[in-house]
Amino acid sequence: MGREKPNKPRRQRSPAEIAAAYASAYRCSDCHAVTTVSAVEGRTAVLDTVHEPGCPALDGVTDMWPDTLAAIGRVAS
Ligand SMILES: [Zn+2]
């Protein structure tokens, strides 16, 4: 994401752009997960994160929320 420029309003991003940015920003703390956007319709997007086999996030051993919130933070900044 670019540097915030003073006095310049940020361009409104489309839901598709936001979904793509989130997919790119998501990083699993335990594996090299890949997130894809399979559909964007209106303001709804379908995102699918595929973790590597054996990733503890798959079994709920680790909490995915910190990685999710970190990705949202990267998209929002
Ligand atoms: Zn993972």
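A residue is called buried here if 20 or more other C-beta atoms lie within 10 Å of its own, exposed if 12 or fewer do, and partly exposed in between. Keep that in mind for strand 1: of its eight residues, the number buried is zero, so this strand lies largely in the open. The structure above is a predicted model, and its chain holds two helices and two strands. Here is a friendly tour, from the whole chain down to single residues.

**Overall build**
- The chain has a radius of gyration of 14 Å, whereas a compact globule of 77 residues would have one near 11 Å.
- Along its principal axes, the C-alpha trace spans about 45 × 25 × 15 Å.
- Buried residues account for 5% of the 77 residues in the chain.
- If you take the contacts between residues at least 6 apart in sequence, 49% of them join residues at least 24 apart.

**The strand pair**
- Strand 1 covers residues 34-41 and strand 2 covers residues 44-50; the two pair in the antiparallel sense over seven bridges.
- One of the bridges links Glu-41 with its partner Thr-44 in strand 2.
- Another bridge joins Val-34 to Val-50, its partner in strand 2.
- The hairpin formed by strand 1 and strand 2 has two residues between the strands, and Gly-42 takes a positive phi near 65° there.
- As a general point, the side chains in a regular strand alternate between the two faces of the sheet.

**The helix pair**
- Two packed helices are described by the angle between their axes and the distance between the axes.
- Here, helix 1 (15-25) packs against helix 2 (residues 65-76) at an angle of about 130°, with the axes 9 Å apart.
- That angle makes helix 1 oblique to helix 2, because angles over 145 degrees would be needed for roughly antiparallel and 65 to 115 for roughly perpendicular.
- The crossing of helix 1 past helix 2 is right-handed.
- On the helix 1 side, the residues that meet helix 2 are Ile-18, Ala-21, Tyr-22 and Ala-25.
- Their counterparts in helix 2 are Ala-71, Ile-72, Arg-74 and Val-75.

**A closer look at Val-50**
- Val-50 is found in strand 2.
- With 14 C-beta neighbours inside 10 Å, Val-50 counts as partly exposed.
- Leaving aside neighbours within four places in sequence, Val-50 is in contact with Ala-33 and Val-34; Val-34 is also its bridge partner.
- Val-50 and Thr-68 are 18 residues apart along the chain, and their C-alpha atoms are separated by 14 Å.

**A closer look at Lys-8**
- Lys-8 sits in the segment before helix 1.
- Lys-8 has 7 C-beta neighbours inside 10 Å, so this residue counts as exposed.
- From Lys-8 to Ala-39 is 31 residues in sequence and 31 Å in space, taken C-alpha to C-alpha.

Definitions and conventions: Residues numbered from 1 in each chain as written. Predicted model: local features only at pLDDT ≥ 70, side-chain atom pairs only at ≥ 80, totals over all residues. Helix = DSSP H or I, 4+ residues; strand = E, 2+ residues; numbered from the N terminus. Rg over C-alpha atoms; globule rule 2.2 N^0.38 Å. Contact = placed C-beta atoms within 7 Å. Pairing = 2+ DSSP bridges. Axes fitted to C-alpha atoms, helices over the stretch in contact; angles between N-to-C directions. Parallel < 35°, antiparallel > 145°, perpendicular 65-115°, else oblique. Left-handed = near helix turned anticlockwise from the far one by under 90°.
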